[in-house]
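Here is a short tour of a structure for you to follow on screen.

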Amino acid sequence: MQVNDSNRNRRSIALLALGCLVLQLALAPNLALGNGRINFALVFAAYMALTIGGRTGVACGFLAGLAFDLCTTGPVGLMSLLLTVASFAMGMEERNRLAEDPSGSVVLFLLAAAATTLAYHLAMFLVGQASSLFDVLFLRTLPTLLLSAVAFLPFAYVGSRSSGSPLSLGGGSRGLHGRKGKGGGRFDLGSL
Amino acid sequence: MQLKGGGLKGAPGIRRNEPESGMRLMVALVALSLVMFTVSARESGGGFFTTLRGGFSTIAMPIRYLGSAVTVPFQGLGNVFANLTADQATLQELREQNEQLTTRNAELEEAEKTATRLQDLLALKSSYKLQSTAARIIAGSTDSWSRTVTIDKGSASGLAVGMPVTNSSGAIGQIIECGATSSTVRLVSDENSSVSAMVQSSRAQGILRGSPDGSLRLTLIATDQTVAVGDTVVTSGLGGVFPKGLPLGKVISVNKTEGALYYEIAVEGTGAAEGFEEVLVVTSLTEDQEATAEDIKAADEQDSSATAVAAEKAGSAKDGDAGTSADGSDAASSDGE
């Protein structure tokens with residue numbers, strides 16, 4: 001079981017959240033594909049869910065979604081709702097899935113990202129923000145998904161190399177699970 | 001999905017003390033999100049979330065500014081990559097290129113000084129005698145849903161929601177959210193944007209609307225009006241938001257469908273709103289910048305004319321052959337508008 005309430009972890013989460021917020025505010029507006037832009041809130045929420053999961057993942061998803069909602073001109077609460085659900089779905093197993101099964105995690109992220117992005121844009125379509133479903137699907141959803149998936153890859157790489165604390169890099173440091181690097185035992189009996 | 005054991009198959013004795021997958025928290029936060037969504041959607045013009053968003057925008061402004069400043073040099077990155085493939089060029093060609101670039105650089109430096117002077121002139125608000133405040137675009141839209149830009153002035157500088165924004169080419173949009181030190185401007189190319197406009201040469205009045213792909217359409221210009229490709233489209237001043245006569249774009253195509261009451265007119269905007277560009281926010285209108293009584297009368301007459309044509313077509317459709325029902329449907333749709 002992940003132990004994620006240490007001060008170190010909290011600091012790491014805060015730093016990562018701040019980094020993603022900066023990227024969302026500073027980089028996302030300047031990188032566009034069609035009408036699509038990178039959703040760093042989704043990337044952050046997915047990273048947290050896939051490395052820590054559980055309550056922490058859900059809370060991070062909600063807060064990331066709320067920050068995203070406040071960055072945009074859309075209704076507040078929509079992305080936070082979607083990221084809360086997506087984080088719950090991705091982080092149900094409460095393990096550092098990104099380190100143990102990187103390819104499976106990326107696939108899971110893609111599925112969750114597709115569902116979240118599609119649901120968000122469809123919701124915006126239903127509240128009357130667009131008149132064309134084609135525009136919603138192909139000019140907004142698809143480019144956003146593509147860009148967000150590309151943005152997630154570095155996070156997935158870093159996450160897959162992490163050992164011990166899911167928010168830190170290092171090959172041999174003793175982690176919170178007592179694991180030593182990738183491929184080590186998944187559980188520390190002392191923590192069960 | 002497995003809740004216990006973390007996927008460690010074959011070790012049933014190993015389990016967690018309490019599987020805290022966050023279900024309760026998730027349900028609580030989903031409920032909270034739904035409440036926020038409902039409250040936020042019902043807010044119009046002001047409220048808790050508008051204030052919260054304004055505060056967030058104020059806090060985020062330095063980061064947006066930084067991002068915009070950092071990415072400016074990378075806007076020409078495409079050229080750098082293109083130049084990497086130039087190793088096939090001869091030395092002579094490169095020397096000639098160098099000379100050309102040196103000359104061009106000198107021109108650009110001169111242009112920069114000119115631009116600085118023009119920016120100063122804009123600050124003096126001389127061009128259109130606008131009562132305005134100069135601001136700078138610091139960021140674009142952060143989502144894929146809207147065409148907006150963020151400017152570095154807000155309510156602390158006297159700006160408010162609804163104020164029109166112009167750049168050196170003409171009107172670019174209208175403030176839709178206003179924080180203390182920054183504001184969000186909805187561009188005219190946003191699909192939710194509509195601006196009262198008129199064709200400068202014929203004075204035909206209509207509405208300039210944005211679209212999802214960023215193109216502009218001039219609607220509600222009756223087919224008995226005169227519009228030609230190349231005509232300049234300007235703000236009409238009707239509605240009292242935009243000053244009268246600000247350029248919006250040029251007509252690039254005019255289509256007239258058989259039996260339709262209005263033209264389908266495509267308009268090319270005056271120019272893109274780019275990062276770090278200086279803009280003017282029009283804080284108030286003088287009397288001569290608002291639509292005159294004659295303008296309003298002309299708009300009414302144009303509308304009456306279109307209505308009369310619609311009624312005439314509807315009448316002829318009723319009296320005439322069944323094959324003319326298409327005209328009747330057109331008339332009905334125009335009434336709906």
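Predicted model: local features only at pLDDT ≥ 70, side-chain atom pairs only at ≥ 80, totals over all residues.

Let's begin with chain B, which has 337 residues, 36% of them counted as buried. Its secondary structure consists of 6 helices and 12 strands. Among the contacts in chain B with a separation of 6 or more, 58% join residues 24 or more positions apart.

Now for the place where the chains touch. Chain B brings 47 residues to the contact, and chain A brings 48 residues. On the side of chain B that touches chain A, the elements giving two or more residues are α1 (23-42), α2 (48-71), β1 (131-140) and β4 (171-178) of chain B. The one that gives the most is α2(B), with 11 residues. The table shows what kinds of residues make up this side of chain B.

| Kind of residue | Number on the side of chain B that touches chain A |
|---|---|
| nonpolar | 23 residues |
| polar | 16 residues |

Finally, follow helix α1 of chain A, which runs over residues 7-27 and so has 21 residues. From first C-alpha to last, α1(A) reaches 29 Å, close to the 30 Å expected at 1.5 Å a residue. Which residues in α1(A) are buried? They are I13(A), C20(A), Q24(A), L25(A) and A26(A). The cover over these buried residues includes α2 (40-51) and α3 (54-71) of chain A, together with α2 of chain B.

Definitions and conventions
Residues numbered from 1 in each chain as written. Chains lettered and ligands numbered in written order. Contact = placed C-beta atoms within 7 Å. Helix = DSSP H or I, 4+ residues; strand = E, 2+ residues; numbered from the N terminus. Nonpolar A, V, L, I, M, F, W, Y, C, P; charged D, E, K, R; others polar. Expected span 1.5 Å × (residues − 1). Buried ≥ 20, exposed ≤ 12 C-beta atoms within 10 Å, placed from the backbone.
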